[in-house]
Amino acid sequence: MNRRDALTTVALAGAAIAASASAKADTAPTSTLDRIKKNGVLRIAVIVGQEPYFHKDLATGQWSGACIDMANDIAGKLGAKVETLESTWGNQILDLQADKVDLAFAVNPTPERALVIDFSTPILVHSFTVITKKGFAKPQTWAELNKPEVRIAVDIGSTHELIARRYCPKATILGFKNRDEAILAVATGRADCNVSLAVLAVSTLKKNPSLGELSIPRPLLTLPTNMGIRAEGDRRYKDFLSAWADYNRSLGQTREWMLKGFEGVGLTAEDIPGEVQF
């Protein structure tokens, strides 16, 4: 091979390497923040009938609620619009992992979940309560429910199920696909009670007062509720959401969004037990 041919071969090899590097760059995963800004879309998980967080108008298909207001505010700051995907409390973690959504609201940051997704700082701190069927003695403590004859309905994969199994391991735990089915089990007498976050429980009883009664057993159990996101090396999206959460929580804006969500089911601040934090 003469010098000229050698130089040509080197040049061609260099071009091939550059082209390969360029192709890899084009196919390299884009961070969530970059993709939201590029596409102008923030994909969120939404859950039917979970006021004050989410409310779906069945006639129009339009979504409203505290988390919708929060999502719109976040999207506005990113120059994006909100796109919804209907999910459940248990499935929205899977939707994050499957890259179907960019954001899941009202996610309790358990150690198990921290192995598969990431979290913002808390948007709220919530108490856990119990909805008892009519005629069932209101429990004053979690220990009163920890008996084999007590049937507790929970939605599978939720923190409600985690709390029930942690504090009432001897009870008969009935798992259902979603929270609506768990509530229906209480309404029809298939279960004696349902474990729910306080903000969901008070809304449920407002919509259906004949369902039963609200109890806040001791010890008072609380967990922060955060925004869930996919785990990724680029921290900008997580840091942005954490700053957004801290800012709006400290200014009282998050509380205003929650109260507006409660108003959608006819509840005011005076209707909400003092133990219910938000």
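Predicted model: local features only at pLDDT ≥ 70, side-chain atom pairs only at ≥ 80, totals over all residues.
Residues are numbered from 1 along each chain as its sequence is written, and side-chain values use heavy atoms, without hydrogens or water. Local features need pLDDT of at least 70 and side-chain atom pairs pLDDT 80 or more, whereas totals for chains, interfaces and linings use all residues.

The largest nonpolar core has 68 residues. Such a core is a set of buried Ala, Val, Leu, Ile, Met, Phe, Trp, Tyr and Cys residues joined through side-chain atoms within 4.5 Å; buried means under 20% relative accessible area (1.4 Å probe, protein chains only). Y53, F54, L103, F105 and I152 have the most contacts inside this core. Helix α3 (residues 66–77) gives the largest share, seven residues. Helices are DSSP runs of H or I with at least four residues, and strands are runs of E with at least two, numbered from the N terminus. A second, separate core of eight residues includes I93, L96, V101 and I117.

F54 touches W63, S64, C67 and I68, among others beyond four places in sequence (contact: heavy atoms within 4.5 Å). C67 and I68 are among the buried residues of α3, as are D69 and M70. Just after α3, G79 takes a positive phi of about 65 degrees.

N226 lies in strand β12 (residues 222–230). N226 is buried, with a relative accessible area of 4%. A polar atom of its side chain lies 2.7 Å from the backbone oxygen of S120. Leaving aside neighbours within four places in sequence, the contacts of N226 include F105, F119, S120 and T121.

Note on methods: Buried < 20%, exposed > 50% of the residue type's maximum accessible area, 1.4 Å probe, protein only. Polar contact = N/O pair within 3.5 Å; in protein donor to acceptor, adjacent residues only side chain to side chain.
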